[in-house]
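I wanted to go through this structure with a notebook at hand and put down what I looked up, one entry at a time.

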Amino acid sequence: VFGLAAMALNMLLGFTGVLSFGHAAYFGLGAYGAGLMLKFVTDSTPLALLAGTLLGGVAGTLFGLLIVRRRGVYFAMVTIAFGQVCYYIAYKWDSLTGGFDGLRGFARQPLHLGFVTLDILHDDTAFYYFLLFVFAAAVALMGFILRSPFGRTLLAIRENERRARFLGIPVEQHIWLSFSISTFFAARAGALYALLNNFADPLAMHYTLSGEFVIIVVMGGMRAFWGPLIGAVVFVVLEDTISSMTVNWMSFIGLIFILVVLFFPRGLLGTLQRRETA
C-alpha cells in the first residue's frame, strides 16, 4: 500500500519535477471514501475501491487547477495547506468521519462477480493476493502512462521547463494532468489501506504521512520507476524493527535518511542502476 502511494507521488516528484507535501490528503480521502461507501451505501468491495479512488482523485484534480501555476516552495506549501484542511475536516466532523477516533463499523465484503460470490477477503492471505493484484494493475497502468508520449513530455518538463515552453508544450496543462493522475493513484492506495485495516482515521491525511511518502521516494530513488517500492520496503522494515526497540524510532529513520541523501543522492535503486551502467 505504501509502495503504491509512494510511486504515485514519484510520478509527480521524480518524473515531472514538482514536489507535493500534501499527498496524504488524497491517500486519506481514498480511505474515507472506501470506508463511507461500505458503511452507508453498499456492501461491494470493488465499488468501495472505486468510490475511494474517485473521491481522492477528483479532489486532487480540482485542487490542481488552483495551484498549477505555482512552483517550488510555493507549490509545496499550498499542498501542505490543502492537506491540513482535509485533516481538520476529518478531525472535527464527528458525525460522519468519527473524528479523532476514526471511521469504524465497516469491513471487507465478499466479491460479487454476478454468476458467483467469493467470500474470500476475510482471510488475510486471500486479501493479500487481492491487494497484490490491484497493486499490479495500478502499477502496470502507471508504467504505460509514463512510457507514453505524455510521460516523455513530463520528463522534458522536469529536465528543462523553459525549453519545453519554447517547443510549444503546454507546461501547466501537463503538470496539472500529472498531479491529477498522481492523486488518483494515491487515492487508490488509500482505499486499499482502509480495506486492509477496516478502519480510516484523520492521521492518514496528516502532513507527517506526506513527509514519510517523500522520504520513501527519495530513499528508494525518485528518478527510478521501482525506486519508491524499494524505499517503501526499506522504510516499513526499518519502522517495524526500530519502533520495537525504542519510541524514538523516527530519529533513527531521520538519521538514515540523511545518510542516504549524503552518500546515495540518487536513492538506493538509482545508485545501483548507475553502477551497473558505469
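**Notebook entries**

I began with T61, keeping in mind that this is a predicted model, and I noted that its relative accessibility comes to 17%, so T61 counts as buried, the limit being under 20%. I then placed T61 in helix α3, which covers residues 45-67.

I next asked what lies around T61 once its neighbours within four places in sequence are left aside, and I found W176, S180, T183 and F184 in contact with T61. For its side chain, I noted a polar atom 2.8 Å from the backbone oxygen of G57.

I turned to the largest nonpolar core, which has 80 residues, and I looked up which members touch the most others: these are L4, F27 and F213. Helix α1 supplies the largest share of this core, with eleven residues.

I then looked up how α1 (residues 2-16) packs against α10 (residues 207-220), and I wrote down an angle of about 75° with the axes 9 Å apart. Because angles of 65 to 115 degrees count as roughly perpendicular, α1 is roughly perpendicular to α10.

My last entry concerns the residues that meet there: F2, A5, A6, L9, N10 and L13 come from α1, while α10 brings L209, E212, F213, V214, I216 and V217.

Note on methods:
Residues are numbered from 1 along each chain as its sequence is written. This is a predicted model: local features need pLDDT of at least 70, side-chain atom pairs count only at pLDDT 80 or more; totals for chains, interfaces and linings use all residues. Side-chain values use heavy atoms; hydrogens and water are left out. Axes are lines fitted to C-alpha atoms, for helices over the stretch in contact, and angles run from 0 to 180 degrees between N-to-C directions. Helices (H or I, at least four residues) and strands (E, at least two) are DSSP runs, numbered from the N terminus. Angles under 35 degrees count as roughly parallel, over 145 as roughly antiparallel, 65 to 115 as roughly perpendicular and the rest as oblique. Contact means heavy atoms within 4.5 Å. Buried means under 20% relative accessible area, exposed over 50%, partly exposed in between (1.4 Å probe, protein chains only). A polar contact is a pair of N or O atoms within 3.5 Å; within protein, one must be able to donate a hydrogen and the other to accept it, and residues adjacent in sequence count only if both atoms are side-chain atoms. A nonpolar core is a set of buried Ala, Val, Leu, Ile, Met, Phe, Trp, Tyr and Cys residues joined through side-chain atoms within 4.5 Å.
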